[in-house]
Amino acid sequence: MAIVFWASIGFIAYVYAGYPLLLQLWAWLRHCGMRHADCGTILGSSNPQSAIRDPQFPGVSIVIAARNEGPRLAARLDNLLALDYPASRRQIIVVSDGSTDDTLDVLMRYQRVAHVISVPAGGKANALNVGVARATFDIVVFADARQVFAADALTELVAPFADPQVGAVSGELLLDAESALFANRRADKDRRRGHAGQLRASAIERRISTRRRTIASTIADGVGMYWRYEKGLRRLESEVGSMLGATGAIYAIRRSLWRALPPDTILDDVLTPMRCVLQGYRVVFTERARAFDRAAVDADQEARRKVRTLAGNYQILALEPRLLLPWRNPVWLQYMSHKLGRLAVPYALMTMFASSIVLAAGQSIYMLTLAGQVGFYLLAGYGALIELAARRRIAQTPDVVSVTVGPVNPIRGVA
């Protein structure tokens, strides 16, 4: 039982602390000893793509799957049309997935500048399949109706494709809870570099926090902290080889690597990039390509998102069992540590708690750890009560409202 206890602690510690430290060491060694190494050698790339013909403005097809997004689509399309990217090198495709509101009416106003497709309700995966089939350019960018892009996001997102070993690129999603925290820091760094595009993006971030109306969220700080931790892992994974997925709000792939999604796919932004990795290409992260969103309004909404994510990770194992084979999956260690490790942590917590109960009568250290776990779960319950009280308080306060971020104007920032 003592072995079970310490093994559970060790496993949990590795997933959340040991693995990030391993990535940091790996990245440091790679920077020091392999500065001139070919990243494709690490992944054993096969059949590399030729470099894109126009490295500055390659042709891109932007695909959005929308269902009952009428109130948001006008602002979203205005945002995409205002990006700093040549209109002749950009194709916008919006697929209405059986919408029953005014989505099609809104889209009809943009049919001169966007390809509008209406299909019977079949789910997001089916809508994406239809949209990609209509794409005419070599790079496909996936976006959602809710978020907005910084003015230079598209330019920065496609830049890494100049490397023929890169199969997919993920941008950075900034939540309202973290935008203000990083804006000044990035602005200072960008001033030293003198990068105009980055200065403009930083200005956008600052305006989000200073000009936008208050967004009511009872869990924004916690979600923002976790999201910063997760993005740190993605940066490190990108540095040592390849990410294990992408940010669904802003990512791109080579159209030649696209494989049609099964109709019931839950996490297209994980399955599609991992299929690129299995074909021998890298999936990289760039923080220069930025999208903006707000945190979940309450714990219930965040819990639904987490359940969906967990279910999607289990589904991907069934769809791509090759990911479990170290000789087929170039990022096997990262996948086992990051994705599967997270799935196993709840069971490790249960075995640690059960073994603590058995061992508590024998030694004080097990009694202390049992008390610590009980205290932890009580604090979690207390936090849930606080969150519930905050939700009730917000509901009774008419001055605090929840809003969706408006479109990015390349000069004025976020409306």
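How many aromatic pairs does a search of the whole structure find? The search finds 9, a pair being two rings of Phe, Tyr or Trp (its six-membered ring) with centres within 6.5 Å.

The structure is a predicted model, in which local features need pLDDT of at least 70 and side-chain atom pairs count only at pLDDT 80 or more, while totals for chains, interfaces and linings use all residues. Residues are numbered from 1 along each chain as its sequence is written, and side-chain values use heavy atoms, with hydrogens and water left out.

**Whole protein.** Of its 415 residues, 49% count as buried, that is, under 20% relative accessible area, whereas exposed means over 50% and partly exposed lies in between (1.4 Å probe, protein chains only).

**Aromatic pairs.** Select Tyr-14 and Tyr-19, a tilted pair with 6.3 Å from centre to centre and 55° between the planes. Planes under 30 degrees apart count as stacked, over 60 as edge-to-face and the rest as tilted. Tyr-14 is partly exposed at 30% relative accessibility, whereas Tyr-19 is buried at 1%. Next, select Phe-376 and Tyr-377: their ring centres are 5.5 Å apart and their planes stand at 70°, so this pair is edge-to-face. Phe-376 is exposed, with a relative accessible area of 56%, and Tyr-377 is partly exposed, with 37%. Then select Phe-5, Trp-6 and Tyr-366, which ring pairs link into a cluster.

Select residues 70–81, the 12 residues of helix α3. At 1.5 Å times one less than the number of residues, α3 should span 16 Å, and its end C-alpha atoms, 17 Å apart, agree with this. Its buried residues include Leu-73, Leu-77 and Leu-80. Move to Asn-68, in the loop between β1 (60–66) and α3. Asn-68 has a positive phi, near 55°, although it is not a glycine, and it is partly exposed at 31% relative accessibility.

**Surface patch.** Finally, select Leu-310, Tyr-314, Tyr-347 and Met-350, which form a nonpolar patch on the surface. Helices α11 (299–319) and α12 (332–359) each give two or more residues to the patch. Met-350 lies in α12 and is exposed, at 52% relative accessibility.

Conventions: Patches are made of residues with over 30% relative accessible area and no salt bridge: like charges are joined within 9 Å, nonpolar side chains (Val, Leu, Ile, Met, Phe, Trp, Tyr) within 5 Å. Accessible areas come from the Shrake-Rupley method with a 1.4 Å probe; for residues, only the protein chains shown count as cover. A salt bridge is a side-chain nitrogen of Lys or Arg within 4 Å of a carboxyl oxygen of Asp or Glu. Helices (H or I, at least four residues) and strands (E, at least two) are DSSP runs, numbered from the N terminus.
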